[in-house]
Amino acid sequence: MAHIIVVGNEKGGAGKSTVSMHVATALARLGHKVSTLDLDLRQRSLGRYFENRNNFLKSSDLTLPSPRHHDLPEIDAATLKPGENIYDHRLSAAVSQLESDSDFILIDCPGSHTRLSQVAHSLADTLITPLNDSFIDFDLLARIDSKGEKILGPSVYSEMVWNARQLRAQAGLKPIDWVVVRNRVGTQRMVNKEKMQRAIEMLSQRIGFRVASGFSERVIFRELFPRGLTLLDLKDIGVKQLNISNIAARQELRDMMKELNLPGVEIDF
């Protein structure tokens, strides 16, 4: 049975697709069979990434460990019963087709509230929520007082995760391992950074998620996308010496993968 990883956050620009690309490709490079699905049917950032990767490898006559990306299968609407949702069936059909031949299925959700995203969250064994280091982004998880010190209550996204947890409990499935990944955290000691850290720690205890470190803001991620590459591919394509920024970014990926603590995964890069 495949372990399902869902990367979700209803706010755009949090780094979901960057995290998805690197987690999926890292797992493939570690020898696991990885299948991916992109539920943003309009923008398709993850799908475009794998198209870029396949095109680059073909044009360069290279072979690199890679996940297998899949589109959602089409469903004949005439086969649905009254009240059934076609998107539910498209996603469940995709997962059913992939789980017998995959160690991991990674599902990248859109930065908005959709039916597909709701269903995907209820399927998650591990839920990764990238979060920019900003109270604007934090507001998606919880409402906080004007001083940034007191949690007033969960917000819309946390409530959706809670509903997904309830559905899994009713189905007798294991609880979701929810991991909030802090992205774009500043390197300098700043008041806002410290307030964010305290707020996230308070909220993690209140609604039940783990916190992991993510990626700093780096140009390298934007440069790699057109070729569908990750930091782990650079030496294999002929980059003999990584610069300091690339080395730091690679270490960030290693730290994040270790903190995700995915089953059966040993980090050796």
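Which elements cover the buried residues of helix 4?

1. Basis of the note. The model is predicted, with local features requiring pLDDT of at least 70 and side-chain atom pairs counted only at pLDDT 80 or more, whereas totals for chains, interfaces and linings use all residues. Residues are numbered from 1 along each chain as its sequence is written, and side-chain values use heavy atoms, with hydrogens and water left out.

2. Burial of helix 4. The cover over the buried residues of helix 4 includes strand 1 (3-7), helix 3, strand 4, strand 5 and helix 6 (156-170). Helices (H or I, at least four residues) and strands (E, at least two) are DSSP runs, numbered from the N terminus. Within helix 4, the buried residues are Leu116, Ser117, Val119, Ala120, His121 and Ser122. Buried means under 20% relative accessible area, exposed means over 50%, and partly exposed lies in between (1.4 Å probe, protein chains only).

3. Packing of helix 3 on helix 4. Helix 4 (residues 115-123) packs against helix 3 at an angle of about 40 degrees, and the two axes are 9 Å apart. Axes are lines fitted to C-alpha atoms, for helices over the stretch in contact, and angles run from 0 to 180 degrees between N-to-C directions. Helix 3 and helix 4 are therefore oblique to each other. Angles under 35 degrees count as roughly parallel, over 145 as roughly antiparallel, 65 to 115 as roughly perpendicular, and the rest as oblique. Helix 3 and helix 4 cross in a right-handed sense, that is, with the near helix turned clockwise from the far one by less than a right angle. From helix 3, Tyr87, Asp88, Leu91 and Val95 meet Arg115, Leu116, Val119, Ala120 and Leu123 of helix 4. The classes in this contact between helix 3 and helix 4 are 7 nonpolar, no polar and 2 charged residues. Here Ala, Val, Leu, Ile, Met, Phe, Trp, Tyr, Cys and Pro count as nonpolar, Asp, Glu, Lys and Arg as charged, and the others, Gly among them, as polar. An α-helix has 3.6 residues a turn, so residues three or four places apart point the same way.

4. Packing of helix 1 on helix 9. The axes of helix 1 (residues 16-29) and helix 9 come within 11 Å, crossing at roughly 75 degrees. Helix 1 is thus roughly perpendicular to helix 9. Val19, His22, Val23, Ala26 and Leu27 of helix 1 make the contact with Leu253, Met256, Met257 and Leu260 of helix 9. By class, the contact of helix 1 with helix 9 comprises 8 nonpolar, 1 polar and no charged residues.

5. Surroundings of Val181. Val181 belongs to strand 8 and is buried, with a relative accessible area of 0%. Leaving aside residues up to four places away in sequence, Val181 touches Ile128, Thr129, Pro130, Leu131, Ala212, Ser213, Gly214, Met256 and Leu260. Val181 and Phe215 are 34 residues apart along the chain, and their C-alpha atoms are separated by 8.7 Å.

6. Salt bridges. The structure holds 14 salt bridges, each being a side-chain nitrogen of Lys or Arg within 4 Å of a carboxyl oxygen of Asp or Glu. Asp133 pairs with Arg182, with the closest N and O atoms 2.5 Å apart. This pair links distant parts of the chain, 49 residues apart: Asp133 lies in the loop between strand 5 (126-132) and helix 5 (135-138), and Arg182 in strand 8 (residues 177-183). Asp133 and Arg182 are both buried. Salt bridges with shared partners join Arg29, Arg53, Asp233 and Asp236 into one network.

7. Arg68 and Asp101 form a salt bridge whose closest N and O atoms are 2.9 Å apart. Arg68 is in strand 3 (residues 68-70) and Asp101 in the loop between helix 3 (86-98) and strand 4 (104-108), so the pair ties together parts that are 33 residues apart in sequence. Arg68 is partly exposed at 31% relative accessibility, and Asp101 is partly exposed at 39%.

8. Residues with positive phi. Arg44, in the loop between strand 2 (34-38) and helix 2 (45-60), has phi near 55 degrees, a positive value in a residue other than glycine. The side chain of Arg44 also meets that of Glu51 in a salt bridge (2.8 Å, N to O). Asn261, in the segment after helix 9 (244-260), likewise has a positive phi, near 55 degrees. Asn261 counts as exposed at 59% relative accessibility, whereas Arg44 is partly exposed at 24%.

Terms used: Contact = heavy atoms within 4.5 Å.
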